[in-house]
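Good morning, colleagues. Please look at the sequence and the structure on the screen, and I shall then take you through selected parts of the fold.

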Amino acid sequence: MSEAVFIPLNIAILTVSDTRTSETDKSGDTLQACVEQAGHVAAVRAIAKDDIYQIRSVVSQWIASDAIHAALITGGTGFTARDSTPEAMIPLFDKQIEGYGELFRSLSYDEIGTSTIQSRTVAGVANRTVIFCMPGSTGACKTAWNKIIAEQLDRRHRPCNFVEMVLQRG
């Protein structure tokens, strides 16, 4: 059996925020650095207002594109009136990845204690594009990437990962 080799993926990054700009988007910067340090391509970055339809508009274009394998969405996962990332994304998923939110909150508990209960972190697959949503803090982005997402987007990770599925597009 041949050894699996790393295959760089094209990853889109969306920051959901009513206040951040490209100059102040530290979480987007963090995710881009993580993606590139892992050997992937940060194919596109965007910022969308915390509005269900603006979020869906951006992500729907990525889902429809054969050039985007994965999307990382930071922000909009809390409980304020404006937090709407889960509501925007869940209807787009062909399949939800329930274990992602469960694992994220478990890991996050060690960092922020019971406040993790307010994280409505979700993930799913839409048109063979894997989508991970996480809170807007840079710490949460690092936790999600370093402890969950990086391995799941690495073909060498065993026993399973999402790479073969996303490469079957197009």
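Let me begin with a definition: a residue is called buried under 20% relative accessible area, exposed over 50%, and partly exposed in between, with a 1.4 Å probe and protein chains only. By that rule Phe162 is buried, with a relative accessible area of 17%.

Two remarks on provenance. This is a predicted model, in which local features need pLDDT of at least 70 and side-chain atom pairs count only at pLDDT 80 or more, whereas totals for chains, interfaces and linings use all residues. Residues are numbered from 1 along each chain as its sequence is written, and side-chain values use heavy atoms, with hydrogens and water left out.

I turn to the aromatic residues. Rings of Phe, Tyr and Trp (for Trp, the six-membered ring) pair if their centres lie within 6.5 Å; planes under 30 degrees apart count as stacked, over 60 as edge-to-face, and the rest as tilted. How many aromatic pairs does the structure hold? There are 3 aromatic pairs. In one of them, the ring centres of Tyr100 and Phe104 are 6.5 Å apart and the planes meet at 35°, so this pair is tilted. Both residues belong to helix 4 (residues 98–112), where they are 4 residues apart, about one turn of the helix. Helices here are DSSP runs of H or I with at least four residues, strands are runs of E with at least two, and both are numbered from the N terminus. In general, an α-helix has 3.6 residues a turn, so residues three or four places apart point the same way. Tyr100 counts as buried, at 2% relative accessibility, and Phe104 is likewise buried, with a relative accessible area of 2%.

For Phe132 and Phe162, the ring centres lie 6.3 Å apart with the planes at 75°, so that pair is edge-to-face. Phe132 sits in strand 6 and Phe162 in the loop between helix 5 and helix 6 (163–167), so the pair ties together parts that are 30 residues apart in sequence. Phe132 counts as buried at 1% relative accessibility. Ring pairs link Tyr100, Phe104, Phe132 and Phe162 into a cluster.

Contact here means heavy atoms within 4.5 Å. Ala144 is buried, at 0% relative accessibility.

Next, the strands. Is strand 3 largely enclosed or left open by the rest of the structure? Of its residues, 5 of the 5 are buried, so strand 3 is largely enclosed. Strands pair if DSSP finds at least two bridges between them. Strand 3 pairs with strand 1 in the parallel sense over 5 bridges, and Ile13 stands opposite Leu72 in strand 3. Strand 3 also runs parallel to strand 6, joined by 5 bridges; there, Thr74 has Met134 of strand 6 as its bridge partner.

Helix 1 comes next. The expected span of a helix is 1.5 Å times one less than its number of residues. For the 12 residues of helix 1 (residues 26–37) this gives 16 Å, and the end C-alpha atoms are 16 Å apart, which agrees. Which residues of helix 1 are buried? They are Ser27, Gly28, Thr30, Leu31, Cys34 and Val35. These residues cover an arc of only 160° around the axis, which puts them on the same side of helix 1; the arc is that of the directions from the helix axis to the C-beta atoms. Their cover includes strand 1 (10–16), strand 2 (41–48), strand 3 (70–74), strand 6 (129–134) and helix 5 (138–152). Just after helix 1, Gly39 adopts a positive phi of about 100°.

Finally, the cysteines. A disulfide is a covalent bond between the sulfur atoms of two cysteines; the rule applied here is a pair of cysteine sulfur atoms within 2.5 Å. The count by this rule is 0 disulfides. For Cys133, the nearest cysteine sulfur is that of Cys141, 11 Å away. For Cys141, the nearest is that of Cys34, 8.1 Å away. Cys133 is buried at a relative accessible area of 0%, and Cys141 is buried with a relative accessible area of 0%.

Thank you for your attention.
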